[in-house]
Amino acid sequence: MGEHWGYRARPKELGSAVRQVEIVRVGGPGRTGWLHVRFLEGDAAGLQEWVNPTSLVAPWAEVEAFRADDAAELALAEASRHLRGSTDFEAARLILGFVRPKSKLRLRRGVPDAGILDMGRLDETAPLIGMDAAELRGDPMVYEKRDGLCLAGWPVTERLAATWPTALPTRSCRRRTASTRALSRNVPSPPGTPTAAGTTANWTRKRPS
């Protein structure tokens, strides 16, 4: 208790105000897991309120670094989210689904930040996608946050998707090819189509007995 934190009413709302609060109490009757805080600035200065811990976005000593990360992420979102739902967006989402391990790349789909690509730690992820970490760091649409995790805007995502399959590891290509072949084996050919065995495909439907 007594710690000072940055408070944001909607913690995931990029660009919204962050105010300084002091933790007064942790939990209480009917408030398990909640925090009682005192606002220290603005019109609400002196007021106390129960808040969800997720609303405390950073220790106050680190709030400027948090704001820098937040502003950079907002800029990426503004350059990317208009693609949400487009053919290009859905194609990129499908292509990136073949990168393994899946946890390394995640294309955001929510309304506020669609098109932002979560890339994890750049030095680990870049080799998996056939790209150079130093080159990516020099791209204005790539940002490394203070925790070491990396974000990329839509232009980078689009470039990565456009270089498929040459930019991605061979094992991913093989997996996609194997998946496509397996799918083909499970889909019957149209009637009259020559089959691999040299016969002619013929669909028959069992009549109910």
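Two strands count as paired if DSSP finds at least two bridges between them, and strands, like helices, are DSSP runs numbered from the N terminus (helices are H or I with at least four residues, strands are E with at least two). The model shown is predicted, so local features need pLDDT of at least 70 and side-chain atom pairs count only at pLDDT 80 or more, while totals for chains, interfaces and linings use all residues. Residues are numbered from 1 along each chain as its sequence is written, and side-chain values use heavy atoms, with hydrogens and water left out.

**View 1. The five-stranded sheet and the pairing of strand 1 with strand 5.**
Strand 1 and strand 5 are joined by three bridges and pair in the antiparallel sense; within this pairing, Gly6 has Ala58 of strand 5 as its bridge partner. They belong to an open sheet of five strands, arranged in the order 4-3-2-1-5 with antiparallel pairing. Its edges are formed by strand 4 (48–51) and strand 5 (56–59), each of which pairs on one side only. On average, neighbouring strands of this sheet are turned by 45 degrees against each other, direction ignored (axes are lines fitted to C-alpha atoms, for helices over the stretch in contact, and angles run from 0 to 180 degrees between N-to-C directions).

**View 2**
A search of the whole structure finds two aromatic pairs, where rings of Phe, Tyr and Trp (its six-membered ring) pair if their centres lie within 6.5 Å, and planes under 30 degrees apart count as stacked, over 60 as edge-to-face and the rest as tilted. One of the pairs found in that search is edge-to-face and consists of Tyr7 and Phe39, with 5.2 Å from centre to centre and 90 degrees between the planes. Because Tyr7 lies in strand 1 (residues 4–7) and Phe39 in strand 3 (residues 35–39), the pair ties together parts that are 32 residues apart in sequence. Both Tyr7 and Phe39 are buried (buried means under 20% relative accessible area, exposed over 50% and partly exposed in between, with a 1.4 Å probe and protein chains only).

His36 lies in strand 3 and counts as buried because its relative accessibility is 16%. When its neighbours within four places in sequence are left aside, His36 is in contact with Glu22, Ile23, Val24, Arg25, Gln48, Glu49 and Trp50, contact meaning heavy atoms within 4.5 Å. Pro53 is 17 residues from His36 along the chain, and the C-alpha atoms of His36 and Pro53 are separated by 9.5 Å.

**View 2. Arg31 over the ring of Trp34.**
The charged end of Arg31 sits over the ring of Trp34, at 5.7 Å from the ring centre; a charge sits over a ring if NZ of Lys or CZ of Arg is within 6 Å of the ring centre and within 35 degrees of the ring normal.

Strand 6 (residues 106–107) pairs with strand 7 over two bridges in the antiparallel sense, and here Arg106 stands opposite Asp118 in strand 7. Strand 7 is joined to strand 9 by three bridges, and these strands run antiparallel; Gly120 has Cys150 in strand 9 as its bridge partner. Strand 8 and strand 9 likewise pair in the antiparallel sense over three bridges, and Tyr143 has Leu151 of strand 9 as its bridge partner.
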